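We will go from one selection to the next.

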Amino acid sequence: MNTRRKTRGARKPCHAINTCPACGSDMIVTQLTCPSCGTELRGNFRPNEFAFLTDDKLEFLRLFLRLRGNLTELAKEIGVSYPTARVRFDELMEALGYAERTGPRPEVERVLSMLERGEITAEEAESLLRGL
């Protein structure tokens, strides 16, 4: 049985702003409120690393977990090539602070994206990549 009370006029919470719009410093959470009973906690709370992910990276992480870490299936699900899925995973790991970026340089990513979209042939991609 669900004993939660709905608060009249309650809205779904939006994502917190992570950086100060004035100076760019990291923001901190200073108040937590229970929407059911109104209990409030005040202090300085450090958000976890997931709180700083953009919506698209958070959605990518959710899909990755739902697919039990299978990047091949994830690539199929979102309609990209495996190398593109791998680059996005590396970007996610970097955003979480878990790994230094070891994926392709931006120029390589650009060529792979062009190939994926059919803008260039495999031979043209190979030639461009050899020139980098």
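Predicted model: local features only at pLDDT ≥ 70, side-chain atom pairs only at ≥ 80, totals over all residues.

Which residues in α1 meet which residues in α3? From α1 come K57, F60, L61 and F64; across from them in α3 are A85, R88, F89, E91, L92 and A95.

Now turn to the helix axes. α1 and α3 pack with their axes 10 Å apart, at an angle of about 110°. Angles of 65 to 115 degrees count as roughly perpendicular, so these two helices, α1 and α3, are roughly perpendicular to each other.

Next, select the largest nonpolar core, a set of 14 residues. Start with L53, F60, F64, L74, A85, F89 and L92, which have the most contacts inside it. Colour the helices too: α1 (55-66), α2 (71-78) and α3 (82-96) each supply at least two residues of this core. α1 gives the most, with five residues.

Leaving aside neighbours within four places in sequence, A85 is in contact with F60, L71, L74, A75 and V80.

For the last stop, move to the strands. Select β1 (residues 29-33) and β2 (residues 40-45), which run antiparallel and are joined by four bridges. Pick V29 and look across to F45, its bridge partner in β2. The two strands, β1 and β2, form a hairpin with six residues between them. In the turn, click on G38, where phi is positive, at about 85°.

Note on methods:
Residues numbered from 1 in each chain as written. Heavy atoms only, no water. Pairing = 2+ DSSP bridges. Core = buried A, V, L, I, M, F, W, Y, C linked by side-chain atoms within 4.5 Å. Buried < 20%, exposed > 50% of the residue type's maximum accessible area, 1.4 Å probe, protein only. Contact = heavy atoms within 4.5 Å. Axes fitted to C-alpha atoms, helices over the stretch in contact; angles between N-to-C directions. Parallel < 35°, antiparallel > 145°, perpendicular 65-115°, else oblique.
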